[in-house]
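Hi,

Here is the structure I promised to pass on. Have a look at it first, and my notes follow below.

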Amino acid sequence: MTHFEDEELRWFCVKTKPRSESAARRMLMRDVGIEVFCPMIRFERARSSGKVKVTEAMFPGYVFAHFNYRAQHRHVQGTLGVSTIVRFGGIPSVVPDEIVADLQRSVRFVRANAAKFGIDP
């Protein structure tokens, strides 16, 4: 079995289907009722028709999901847009709370200072 027999909520990295980060995020939040962190970035991309603004996931192909593994892993795994829960050696990889909190703080900082950095929040 797994090392997640308790009721604790933990952050996991969830691999999404190609270009499905937003859909997976929405479905995990709506259907499973869990917290999901999927920072997005907006930038200009050159096209043959000129420059266009695009929004993409900061970590393409992945979202961070906060859930109780024992109680919810099957529901998470079966959610539209989700490919799998990231594992190492067959064991789901827990992302420390501090790492996710640092990423969330960094995203808030960049958004709050977007004009200084010359970016579109």
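**Strands, cores and a surface patch**

Strand β1 (residues 10–16) and β5 run antiparallel and are joined by six bridges. Before you read on, keep in mind that this is a predicted model. Within that pairing, V14 sits opposite V63 in β5.

β5 also has a partner in strand β2 (residues 35–37): that pair is antiparallel too, with three bridges, and V36 stands opposite A65 of β5. As for cover, β5 (residues 62–67) is mostly tucked away, with five of its six residues buried.

Now the inside. The largest nonpolar core comprises 17 residues, and L28, I34, F67 and V76 have the most contacts inside it. β1, α1 (21–32), β5, α2 (69–77) and β6 (82–85) each give two or more residues to this core. Another core, of eight residues, lies apart from it and includes C13, F37, F64 and V86. In general, nonpolar side chains of soluble globular proteins tend to be buried together.

F109, V110, F117 and I119 make up a nonpolar patch on the surface, together about 350 Å² of accessible area. One of them, I119, is in the segment after α4 (114–117). Is I119 partly exposed or buried? I119 counts as partly exposed, because its relative accessibility is 39%.

Cheers

Definitions and conventions
Residues numbered from 1 in each chain as written. Predicted model: local features only at pLDDT ≥ 70, side-chain atom pairs only at ≥ 80, totals over all residues. Heavy atoms only, no water. Patch = residues over 30% accessible without salt bridge, like charges linked within 9 Å, V, L, I, M, F, W, Y side chains within 5 Å. Areas by Shrake-Rupley, 256 points an atom, 1.4 Å probe, with all protein chains shown as cover. Salt bridge = Lys/Arg side-chain N within 4 Å of Asp/Glu carboxyl O. Helix = DSSP H or I, 4+ residues; strand = E, 2+ residues; numbered from the N terminus. Buried < 20%, exposed > 50% of the residue type's maximum accessible area, 1.4 Å probe, protein only. Pairing = 2+ DSSP bridges. Core = buried A, V, L, I, M, F, W, Y, C linked by side-chain atoms within 4.5 Å.
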